[in-house]
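Come and read along with me.

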Amino acid sequence: MGISQIIFYMLAAFTLLSALFVVFSKNPIYSVLWLILCFFSIAGHFVMLNAQFLAVVHIIVYSGAIMVLFLFTVMLLNLNSETEPHKPTLLKFAAVLSGGALFLIIIAAVRSTMPAPYVAPQLSEVGYVKNIGMKLYRDYTLPFEVASILFLSAMIGSVVLAKKERFN
Amino acid sequence: MFLLIFKIALIVILFLISLGVAAYATYGERKVAAFMQDRIGPDRAGPFGLLQPIADGVKMFMKEEIIPNVSDKLLFILGPCIFMITALMTSAVIPWGTAMEFDGVKYGLQVADINIGILYVFGVVSLGVYGIMIGGWASNNKFALLGAVRASSQMISYELAMGMSLIAIIMMSGSLSLNDIVAQQGQGKLYGFIPVSGLNWNIFYQPLGFIIFLICAFAECNRTPFDLPECETELVGGYHTEYSSMKLGLYLFAEYINMFVSGAIISCLYFGGYNFPGLEYLSTVLNPNLVSIISFGALFTKAIFFVFFFMWIRWTIPRFRYDQLMKLGWQVLLPLSILNVLLTGGGLTIFSK
Amino acid sequence: MNVSVDYIAIFIQFLVGFGFVATTMVATHYLGPKRKTADKLASFECGIDSQGNARLPFSIKYFLTAILFVMFDVEVIFMYPWAVNFKELGSTGFIEMLLFIGTLLIGFAYIIKRGALKWE
């Protein structure tokens, strides 16, 4: 077993563990923090695949921007234990049932997938920012421009939602 | 293997230098403040008060450690740790000097010469927000919470204009690696005709971008005039209201390390990094290792100048109001930086033909 | 230059920082005096007994700022691969980016117009 394989398995184990802690933490703030660690280990996987740009963008966008938003949202909630809403038993039962069903489906889907042949990642330079830029702005111009429309609609949507109270 | 040992040595030296600079920046800050307010400043500990930082450090260690009852204890400790670690890690991609040479093999004076260079800095800086937010929230104190929320809002707002002003630099260099960006500023002639070597600095092409970047650096470091997060008159101590002993020390200390590192980054991006007029001549007559150390000295001087500049501004300009701060970030700096990108794009398209 | 060495170096730098912080925390815990009283450990509110705790919802303004930040951040990230290839892509790439920035500016103008960034 090569050293990169050992690193991979350690990273993978850490990714799974931190993802599990996201679910099992009682305090939502801890969940958010575990999720940040999970994103970090995923960025580590990108580095292992030599996709450096993707790795750093993953950290900037997910860990640096989206998780800040999550943390704000969680802090906006009233986190006192007295105000903790208690869900009815029926709802809990339904949640367990649907969650279990989803789990089964995922297991089945994973079982039926063909594992892709192993490609030595160190040799590829596809993940370098230069190559990504060339691909994105030569071959995928239309999706890029459509993405800007998507951002526009997201911006307008968030402003409308946040400024709602002004109309009534 | 020697490469790894060289890197470890470099990391440790850099670590010690950042700590030393940060320690003496606290002393420098008081002396600068004293000078500007016509006072003497610290002069009791050692000659000219030069031992003051050490005395301060010992004091911080010997203070009682207080963790409030209502706080979230683990996160309360974690907050300053994250802030400090991110401050210490930013310096990894800065090229500190020309390459050293041992047995004919060149070793770059840089911890990590990675392809994404400046984006790494950007990524680490964006994580610094967590140190403040977690610390402020975990304190379970209203002042601390408000300070933390203010700080993080401010930092994320100014990150945008910062990233945008960087784009203009990258358009000129065609590379994200700080090593390339600095090396390019040492080559060619300024504006294509001024015959001084090693002076092809980006500041002469990007004055607007530099001003935007500098202002954003002030805001990212939470320095006056943008020190709203710890604005004493409104928020007691801001996000570190509840902190004491070395946990407070780490917050304060990390601020000075951030100042030093951002000074180094500004120098690398706009002031030629380790380049200075005459470097080319020196490298033909002197031993490469000696040149390397001299070039490190050049970058260090520039970085220290910026640390001094940070202090100068702090004791000169009053604090902003929060709405003014947000207005400046979003409605002035962001459009200006977009304009800067467009101007650079237009200029490059016209002049490259 | 081997890429992996650089990342290992970053990891070592992280370890150095982590080691320093951990040592400091442990040292400050054991060095300082410990005379704790209930008053000392109460949260600070300028000497007045504190009312409730700080698990309070705060202004939605901060939240909106964070949402807008996420969107603009992604747009800025989109511009990096373009900036790196600016010289190769030439004027075609510049026009593409002008369209992109144009859409961004429409959104920005809307945000300003609706006063989403106004802090009263």
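Predicted model: local features only at pLDDT ≥ 70, side-chain atom pairs only at ≥ 80, totals over all residues.

**Chain A, burial and build**

I began with chain A, where buried residues make up 21% of the 168 residues. I call a residue buried if 20 or more other C-beta atoms lie within 10 Å of its own, exposed if 12 or fewer, and partly exposed in between, with C-beta atoms placed from the backbone. Residues are numbered from 1 along each chain as its sequence is written, while chains are lettered from A and ligands numbered from 1 in the order in which they are written.

I then read off the elements: chain A has six helices and zero strands, giving the pattern α-α-α-α-α-α along the sequence. Helices (H or I, at least four residues) and strands (E, at least two) are DSSP runs, numbered from the N terminus.

I also checked contacts, which means C-beta atoms, placed from the backbone, that lie within 7 Å. Among those in chain A between residues at least 6 apart in sequence, 55% join residues at least 24 apart.

**One helix of chain A**

I picked helix H2 (residues 28–48) of chain A, which has 21 residues. From its first C-alpha to its last it reaches 30 Å, close to the 30 Å expected at 1.5 Å a residue; the expected span is 1.5 Å times one less than the number of residues. Which residues of H2(A) are buried? I found Ile29(A), Val32(A), Leu33(A) and Phe39(A) among them. Just after H2(A), I noted that Asn50(A) takes a positive phi of about 65°.

**Where chain B meets chain A**

I looked at this contact next, and it takes 15 residues from chain B and 14 residues from chain A. On the chain B side, helix H4 (117–138) and helix H5 (142–173) each supply at least two residues. H4(B) gives the most to that side, with nine residues. By class, the side of chain B that touches chain A divides into 11 nonpolar, four polar and no charged. Here Ala, Val, Leu, Ile, Met, Phe, Trp, Tyr, Cys and Pro count as nonpolar, Asp, Glu, Lys and Arg as charged, and the others, Gly among them, as polar.

**Where chain B meets chain C**

I found 61 residues of chain B in contact with 50 residues of chain C. Several helices of chain B each supply at least two residues to the side that touches chain C, including helix H1 (2–36), helix H9 (245–270) and helix H12 (322–351). Which helix of chain B gives the most to the side that touches chain C? I noted H5(B), with 12 residues. That side has 39 nonpolar, 14 polar and eight charged residues.

Of its 169 residues, Ile167(B), Cys216(B) and Phe260(B) touch the most other members. The largest share of this core, 21 residues, comes from H5(B). Domain 1 (1–34) and domain 2 (58–120) of chain C both give residues to this core, so the core lies between them. The domain bounds come from an automatic or database domain assignment. I recorded 36 Å between the centres of the two domains of chain C, taken over C-alpha atoms.

Ile167(B) touches Val341(B), Met79(C), Tyr80(C) and Ala83(C), not counting residues up to four places away in sequence.

**Two loop residues of chain B**

I found Thr316(B) in the loop between helix H11 (288–314) and H12 of chain B, and Asp38(B) in the loop between H1 and H2 of chain B. Are they buried or exposed? Thr316(B) counts as exposed because it has 10 C-beta neighbours inside 10 Å, and Asp38(B) counts as exposed with 6. The two are 278 residues apart in sequence and 13 Å apart in space, C-alpha to C-alpha. Asp38(B) has a positive phi of about 60° although it is not a glycine.

**Confidence**

The mean for chain C is 81, and 86% of its residues reach 70 or more.

How values were computed. Contact = placed C-beta atoms within 7 Å. Core = buried A, V, L, I, M, F, W, Y, C linked by C-beta atoms within 7 Å. pLDDT = per-residue confidence, 0-100.
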